[in-house]
Amino acid sequence: MTTLIAGGCGFIGLAVAERYLEDGQQVVLFDRNPLHPVAKARLDALPGSYTLIQGDIRQAEPIAQAIGDHRVDQVFYGAAVTSGPDREREAPESVIEVNLVGLAHTLKAAAKTGARRLINISSGAAYGTGAFGDTGWNGPLDEYGTREEPFKIYGMTKFGSERLVRRYAELTDLDTRSVRLSTIYGAWEIDSGARDTLSAPMQAALLARAGGTAIFDRRDALDWTYSRHVAGALQALMATPTGSLKSDLFNVTSARQVSVMDMCAPLAEAFPGFSYRLAEPGETATVNLWSDQDRFPMKPDRLATEAGHRLPDDLAATMADFIGWIRDHGTFWDRS
């Protein structure tokens, strides 16, 4: 069985590729970016095999050829531009072209060649202001119960992507599912040009590796979810028989609310030169928490019930794995 990952050289794409290659599977990485040398060394050491195809997802022919030539059985659509205000203002079309037009190209190619399933990697950003209670919801976010109100272009495109794959499944024999990822951090996250702001835990980890100080303007509380755990959830969902899946939209979350400051304690033990604290009055934070308000956590129950999978929520074990990854692959962040 061959798995194609659109956006395979990016954050979640690499985590998913690593998971399948560890299991000895065949993977096709489709990305406009080259494979980072550190990631290449890691993937080369795994028992599975992979092919890297550099192509522009905004064009129909390259992805259609990749899926057809490699007889792809299943597809993850993880190509995405995670935009901030500057990109939204200056180049909104670049977000739409990758997050929606590229997905449309991939859906058409997968359906035409008879792929078994496509999983669209969406985001909790699709909930929009609904994630903060503005649409009347006041508890853990539910895929079908919470009323979404995306207000940023990234969230709009992710909400739209879910509707696009749902409609395409109605028109073809292609099995499509969407997943809304919680606030993700961890192994293989990097500034590739597609993410305008790194996660707060990754910002803290970079400061820890450099022996700096993480300064926070407040203590957050989010269902931070580790990238390798996301990869495990996506693999489990892809493997679940169609008859067991009653839904086409699933939250992917640890469901455990923690603060980035909680993650800083094990980082400080691992990197003695690192320190962390709350900002003094008038002091500028060195870690960007993205927002001055935390959204509600996501409900994990639908994925657990239908796919039989719950993500780990042991913070100590997760941070031990993350710190191990930093030590083994920390040069992934170094710029030449």
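Colleague: Is the crossing of α7 and α9 right-handed or left-handed?

Modeller: This is a predicted model. Helix α7 spans residues 200-210 and helix α9 spans residues 260-270. Their axes lie 10 Å apart, at an angle of about 25°. The crossing of α7 and α9 is right-handed.

Colleague: Are α7 and α9 roughly parallel or roughly antiparallel?

Modeller: The two helices pack at an angle of about 25°. Angles under 35 degrees count as roughly parallel. That angle therefore makes α7, relative to α9, roughly parallel.

Colleague: How many nonpolar residues does the contact of α7 with α9 have?

Modeller: From α7 come Ala200, Pro201, Ala204, Ala205 and Ala208. They meet Val260, Met263, Cys264 and Leu267 in α9. By class, the contact of α7 with α9 has no charged and no polar residues, and its nonpolar residues number 9.

Colleague: Which residues does valine 287 contact, leaving aside its neighbours within four places in sequence?

Modeller: Valine 287 sits in the loop between β11 (275-278) and α10 (301-307). The C-alpha atom of valine 287 is 6.0 Å from that of isoleucine 215, though the two are 72 residues apart along the chain. Beyond its sequence neighbours, valine 287 is in contact with Ala200, Gln203, Ala204, Leu207, Ala214, Ile215 and Phe216.

Colleague: Is valine 287 buried or exposed?

Modeller: The relative accessible area of valine 287 is 2%. Buried means under 20%. Valine 287 is therefore buried.

Colleague: What should helix α6 span, at 1.5 Å a residue?

Modeller: Helix α6 covers residues 153-171, which is 19 residues. The expected span is 1.5 Å times one less than the number of residues.

Colleague: Which elements do the buried residues of α6 pack against?

Modeller: The buried residues of α6 are Ile153, Tyr154, Gly155, Thr157, Lys158, Ser161, Glu162 and Val165. They pack against α4 (85-90), α5 (92-113), β5 (117-123), β6 (175-181) and β10 (249-252).

Colleague: How do the residues of the contact of α5 with α6 divide into nonpolar, polar and charged?

Modeller: α5 and α6 pack at an angle of about 15°, and they are therefore roughly parallel to each other. α5 passes α6 in a right-handed crossing. The contact includes Leu100, Leu103 and Lys108 of α5, and Thr157, Leu164 and Tyr168 of α6. The residues of the contact of α5 with α6 divide into 13 nonpolar, 4 polar and 1 charged.

Notes:
Residues numbered from 1 in each chain as written. Predicted model: local features only at pLDDT ≥ 70, side-chain atom pairs only at ≥ 80, totals over all residues. Heavy atoms only, no water. Axes fitted to C-alpha atoms, helices over the stretch in contact; angles between N-to-C directions. Helix = DSSP H or I, 4+ residues; strand = E, 2+ residues; numbered from the N terminus. Parallel < 35°, antiparallel > 145°, perpendicular 65-115°, else oblique. Left-handed = near helix turned anticlockwise from the far one by under 90°. Contact = heavy atoms within 4.5 Å. Nonpolar A, V, L, I, M, F, W, Y, C, P; charged D, E, K, R; others polar. Buried < 20%, exposed > 50% of the residue type's maximum accessible area, 1.4 Å probe, protein only.
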